[in-house]
Amino acid sequence: MGTFYHTSVGFWWYDTNGRLLDAAFTSAAIAISTGALVILVSSRSVTLTIFSVATIGFVLASVTASLVSLGWTLGFLESICFAILIGISCDFVIHFSHAYAALPGDQNRHVRTKHALIQMGPSILAAAFTTIAAATIMLFTVITFFEKFAVVLFLTIVLATVGSFIVFLSLADCVGPSKPTAFVDMVLAKMKACCGDKKDNTTSAD
């Protein structure tokens, strides 16, 4: 009995489920990190990046909670749909954060929030409407993957719209920065000055 071991086909299933769960968490971490980086580069604002990450986290948590309340469990199809959900949840808030920071000059947070809402609100609502319409049509399909994908897409777009219009814009209007790019611009200016000094010293030494 020294080389005794126990094996079962069920162990493969347990390992697969564990890897699917790890993949879901990894996908969420990658999407949030990438979204934060894109927002930071496009808006040049640390505060807006924090607001955006909080909004994306709200969308992920609320959609996941909704799917659990519907009785879903994590399987192959659900894992694929969840990965798609994570990518879609970043879309709307990125547009709002860029529009908020794009207004030139020293404008207060209320003016910037209104500008972002007026400039990007209609386009985001139009995109949400067309996507919800497509998801609604797919709800009546007979293929299981399309049906599940439609449910995930429908919930994601609805909650992403709620998150961007209510969560993000409320945060921006209440505690948003009047100079969203000031900190990043200051850091870049110091880095540029430091590099310029090093270049001058090198030229002088030559």
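I started with F149, which counts as buried because its relative accessibility is 17%; buried means under 20% relative accessible area, exposed over 50% and partly exposed in between, with a 1.4 Å probe and protein chains only. The model is predicted, so I kept in mind that local features need pLDDT of at least 70 and side-chain atom pairs pLDDT 80 or more, while totals for chains, interfaces and linings use all residues. Residues are numbered from 1 along each chain as its sequence is written, and side-chain values use heavy atoms, with hydrogens and water left out.

**Aromatic rings**

I looked up the ring contacts next. The structure has three aromatic pairs. Rings of Phe, Tyr and Trp (its six-membered ring) pair if their centres lie within 6.5 Å; planes under 30 degrees apart count as stacked, over 60 as edge-to-face and the rest as tilted. F145 and F146 make a tilted pair, because their planes stand at 55 degrees, with the ring centres 6.0 Å apart. F145 and F149 are stacked, at 6.1 Å centre to centre and 10 degrees between the planes. I noted that F145 and F149 are four residues apart in helix α6 (residues 144–175), so about one helical turn separates them. Helices here are DSSP runs (H or I, at least four residues), as strands are (E, at least two), and they are numbered from the N terminus.

I recorded F145, F146 and F149 as one aromatic cluster. F145 has 25% relative accessibility and therefore counts as partly exposed. F146 is also partly exposed, at 37%.

I then checked W72 and found K148 over the face of its ring, at 4.3 Å from the ring centre. The criterion is NZ of Lys or CZ of Arg within 6 Å of the ring centre and within 35 degrees of the ring normal.

**Helix packing**

How do the axes of α5 and α6 cross? The axes of helix α5 (residues 109–138) and α6 come within 10 Å and cross at roughly 170 degrees. Axes are lines fitted to C-alpha atoms, for helices over the stretch in contact, and angles run from 0 to 180 degrees between N-to-C directions. I sorted the residues of the α5 contact with α6 into 19 nonpolar, six polar and three charged. Ala, Val, Leu, Ile, Met, Phe, Trp, Tyr, Cys and Pro count as nonpolar, Asp, Glu, Lys and Arg as charged, and the others, Gly among them, as polar.

For helix α1 (residues 9–43) and helix α2 (residues 46–69), I have axes within 9 Å, crossing at roughly 150 degrees. That makes α1 roughly antiparallel to α2.

**C-alpha separations**

I also looked up residues apart in sequence. F146, in helix α6, is 65 residues from C81 in sequence and 9.7 Å from C81 in space, C-alpha to C-alpha. H110 is in helix α5 and is partly exposed, at 46% relative accessible area. T26 is in helix α1.

Note on methods:
Parallel < 35°, antiparallel > 145°, perpendicular 65-115°, else oblique.
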